[in-house]
Amino acid sequence: MDYSGLAEKYGTPLYVYDFDYIKSRYNALKSQFAARKSLVCYAVKANSNLSLLKMLANLGAGFDCVSIGEVKRALIAGAKPYKIIYSGVGKSEEEIAQALNIGILMLNLESSEEMLLAERVAKSLGKPAKISIRINPNIDPKTHPYISTGLSENKFGVSVADAKKMYLYAKKSEFLEPVGAHFHIGSQLTDLSPIVEAANIVSDVVTELLAMEIDIKFFDVGGGIGITYENELEPDLYAYAQGILAALKGKDLTIVCEPGRFLVGNSGELLTRVLYQKTGEKGKRFVITDAAMNDLIRPSLYQAYHEIKAVSNLNDETQTCDVVGPICESGDFLGKNVSLPPLKSGDLLVVKSAGAYGFSMSSNYNSRTRPAEVAIEDGSDRLIRARENFDDLIKNEKEYL
Ligand SMILES: *Cc1c(COP(=O)(O)O)cnc(C)c1O
């Protein structure tokens, strides 16, 4: 990759995504379910850039959205409404109404109160709401606590017992059409066996539902497939898919999965330039970069590891340092104890594996403008989001001065 050329052309900090890599990941996952009806719904929150969504829509992907804003992004990018799923613990009445009007594939419901609201909204619109219920199977995904979602102590979904009551209610309702069963137990799972375990639990629930003539068509296993940031082993997709297929033996269901990180995480890199270097009193070396926690918050938020590489001086002897941003927080770092060669102001660094939960979690903290985004596809690069400018930051405020 011509990092220097890209940094020269688009400036830094800069997000760069390899679209060909995303396509190959999509195809690798989709082909695992080739023997069955399946829908790979990309989890938009991982990276919601419109050009990226459009590329996936062109491949036939569906979309898993967690806000009406994400649903609208998917539509603008060319998604078919019947391939859009809407999940999330706190959908508002307005959001539910808009989603039903759009005619999405299904609402993934996360509480009985939410189901009652969906029923009322559907009634007022005069058409039934297609729903799925997010079952919390109480399985430990063995990942970081902030990205675990499938334990009883987490806020997500409902217990098996509650789900069954909800399905029974929905079956009797004129304005609810239960079509799916859903779970999503956590993110960045490098051992996917907890997902297979959850699939077995939820499949047993579906067996009971089918026996009660509740016509479940979609079996949604959520996302969570982990990626390699450091030395994690790539999860075994074949075993994952075979495990899910085995859990569904004898049932004619469409398998839905909702990968986010798996598709885009390792497609992306964050390019940043060194501003300064300094050595603290105890000899600690700090490399201060033009990218900060507002651009990539994962290290600060989850102590997440991102490999950081220099672009030049690669043959020089390395020394450890903390790579930190200009933000006024001690938690503002991209990496700690990173081995890097001698660097000077203007040198480029590449922060790896930044395609998922990078730009999409970015903010304007410290009144910093967010980076530009660039796609690499078929050997050429193009801008897919312009760098923000100061006017973007103040446009909703300045008229009130
Ligand atoms: C976040 C999320 C996903 C995607 O998770 P990844 O770990 O990025 O694959 C899928 N489904 C739901 C409901 C989510 O909230």
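Q: Quick one to start: is Asn 337 buried or exposed?
A: Asn 337 is exposed, with a relative accessible area of 57% (exposed is over 50%, buried under 20%, partly exposed in between, with a 1.4 Å probe and protein chains only). Keep in mind that this is a predicted model, where local features need pLDDT of at least 70, side-chain atom pairs count only at pLDDT 80 or more, and totals for chains, interfaces and linings use all residues. Residues are numbered from 1 along each chain as its sequence is written, and side-chain values use heavy atoms, leaving out hydrogens and water.

Q: Where does Asn 337 sit, and what is its phi?
A: Asn 337 is in strand S14 (residues 333-340). Its phi is near 50 degrees, a positive value in a residue other than glycine. Most residues other than glycine have a negative phi.

Q: What about Ser 367, where is that one?
A: Ser 367 is in the loop between strand S15 (348-351) and strand S16 (372-377). Ser 367 has a positive phi too, about 50 degrees, although it is not a glycine. At 58% relative accessibility, Ser 367 counts as exposed.

Q: Ok, zooming out. How many helices and strands are there?
A: The protein has 12 helices and 17 strands. These are DSSP runs numbered from the N terminus: helices are H or I with at least four residues, strands are E with at least two.

Q: And how compact is the protein?
A: The radius of gyration is 23 Å, close to the 21 Å from the globule rule for 401 residues, so the protein is as compact as a globular protein of that length. That radius is taken over C-alpha atoms, and the rule is 2.2 Å times the number of residues to the power 0.38. Buried residues make up 54% of the 401.

Q: Which residues touch the most others in the largest nonpolar core?
A: Tyr 42, Phe 63, Leu 107 and Tyr 240, out of 101 residues in that core. Helix H8 (residues 193-211) gives the most to this core, with 7 residues. A nonpolar core means buried Ala, Val, Leu, Ile, Met, Phe, Trp, Tyr and Cys residues joined through side-chain atoms within 4.5 Å.

Q: What is Phe 63 in contact with?
A: Leaving aside neighbours within four places in sequence, the contacts of Phe 63 include Cys 41, Tyr 42, Leu 53, Ala 74 and Ile 85. Contact means heavy atoms within 4.5 Å. Apart from this core lies another, of 12 residues, among them Ala 7, Leu 348, Val 350 and Ile 376.
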